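Please look through the sequence and the model shown here before reading on.

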Amino acid sequence: MKLVFERMGFNPGLPDPILYDRTFTIYLRHPSDLPVVQQMVKKNFPAADRLIYLHSDICRSELDIEIEAIITEK
């Protein structure tokens with residue numbers, strides 16, 4: 001993600017939530033992982049972010065979680 005954002009002209013890391021609306025869809029293979037993932041997200045994402053949690057069959061078998069980001073200018 002860091003390289004993608006740098007190529008788009010953002011500083012390393014996610015774009016500033018003050019300047020951008022940020023929505024994250026978090027796909028979980030195992031619903032039992034939800035409390036741990038929610039705690040991790042709470043520590044690393046600002047409260048202003050929109051978060052959507054979904055139980056899903058993730059295509060890549062080696063992944064138990066997948067995060068999709070939609071970021072738009074305010």
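Predicted model: local features only at pLDDT ≥ 70, side-chain atom pairs only at ≥ 80, totals over all residues.

Residues are numbered from 1 along each chain as its sequence is written, and side-chain values use heavy atoms, with hydrogens and water left out.

Helices (H or I, at least four residues) and strands (E, at least two) are DSSP runs, numbered from the N terminus, and two strands pair if DSSP finds at least two bridges between them. Three strands make up an open sheet with mixed pairing, in the order 2-1-3.

| Element | Residues |
|---|---|
| Strand 2, edge strand | 50-55 |
| Strand 3, edge strand | 65-73 |

Strand 1 (residues 20-28) pairs with strand 2 in the parallel sense over six bridges, and Phe 24 has Leu 51 in strand 2 as its bridge partner. Helix 2 (residues 34-44) packs on the sheet and touches strand 1, strand 2 and strand 3, where contact means heavy atoms within 4.5 Å. The direction of helix 2 makes about 160 degrees with that of strand 2; axes are lines fitted to C-alpha atoms, for helices over the stretch in contact, and angles run from 0 to 180 degrees between N-to-C directions.

Rings of Phe, Tyr and Trp (its six-membered ring) pair if their centres lie within 6.5 Å, with planes under 30 degrees apart counted as stacked, over 60 as edge-to-face and the rest as tilted. Phe 24 and Phe 45 form an edge-to-face pair, 4.7 Å centre to centre with 70 degrees between the planes. Because Phe 24 lies in strand 1 and Phe 45 in the loop between helix 2 and strand 2, the pair ties together parts that are 21 residues apart in sequence.
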